[in-house]
Amino acid sequence: MADRVVPGPVESSAQVREAVCIQTRKIFDSCRDKDCIEDLRVFPTVSSQSYIESAISVRPKCAELLYADVKVEGMSFNRGYYTVDVTYFYRVTGETFPGGSPVSGLAVFDKRVMLFGSEGAVKTFTSADSCCHTDPSSPIGVVEVVDPIVLSMRIADSECLIPPDLEARDIPGWILERFPEELVLTDTAKRLFVTLGQFSIIRLERDTQLLIPAYDYCLPDKECEASSPGDDPCALFGKIRFPVEEFFPPDTVECSEEYKNLI
């Protein structure tokens, strides 16, 4: 009897048991990008703005991606293609010089790409959904992104900026609630800017049915270990592997060929 096939690489000797039809999302088009977002306006908190007014410069610390708003719209002049508009909301933190006072604020970045999403006009209803999609003909836009790298931060006098306009942003209320105090969204004597490095993957998907080979039912091999509040915490801790790599970093880092091809 042939060995049981488990999820992972399949050997040539494995036998397909049957062909099955599944409902899933098929990726019609995708792209990856490495954006260097220069001089992105930061809307600081009230206390941060007071530190910025008396600072010479700001040292960058970190940036966190709070949310990415994705919108998909069809292109009338290019059949089957769609624009994907993504709005990134970042929480940026830094430290003033002199003084070393912590500053934080909100930065917003807009990005647009064009991808092929095919065509469709099917309205799908399920028992789990209360209603169908607003636009059933549009594909689903998916954005995969990691927290950005803060490359630099700078302070600039408003009167020295050309043009000295202030961009009005429509910021969701729940984004504003992620900050401990109110943000300064009006014009100020000094403005804060940040330069970010952002990696992202954007794709268009559609619900579809696919015929795929099946080897067997996916039955877990691992048994569930019972745990209760009365368990000895030291006994549970004893089962955890000692993190040797955390104490002794490797001399070299070997990357797979697949990873090198993405650089």
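Predicted model: local features only at pLDDT ≥ 70, side-chain atom pairs only at ≥ 80, totals over all residues.
Local features were considered only at pLDDT of at least 70 and side-chain atom pairs only at pLDDT 80 or more, whereas totals for chains, interfaces and linings use all residues. Residues are numbered from 1 along each chain as its sequence is written, and side-chain values use heavy atoms, with hydrogens and water left out.

Helices (H or I, at least four residues) and strands (E, at least two) are DSSP runs numbered from the N terminus, and two strands are taken to pair if DSSP finds at least two bridges between them. Strand β7 (residues 190–214) pairs with strand β1 (residues 18–44) in the antiparallel sense over 22 bridges, with Cys36 opposite Gly197 of β7. Strand β5 (residues 140–145) also runs antiparallel to β7, to which six bridges join it, and here Glu144 stands opposite Ile201. Strand β6 (residues 149–157) is joined to β7 by eight bridges, again in the antiparallel sense, and Ile155 has Leu192 of β7 as its bridge partner.

In helix α1 (residues 46–53), Ser48, Gln49 and Ile52 are buried, where buried means under 20% relative accessible area, exposed over 50% and partly exposed in between, with a 1.4 Å probe and protein chains only. These residues lie on the same side of α1, because they cover an arc of only 100° around the axis, the arc being that of the directions from the helix axis to the C-beta atoms. The buried residues of α1 pack against β1, β4 (102–116), β6 and β7, contact meaning heavy atoms within 4.5 Å.

Asp39, placed in strand β1, has a positive phi of about 50° although it is not a glycine. A cis peptide bond with omega of about -5° joins Phe97 and Pro98, and Pro98 is found in the loop between β3 (81–97) and β4.
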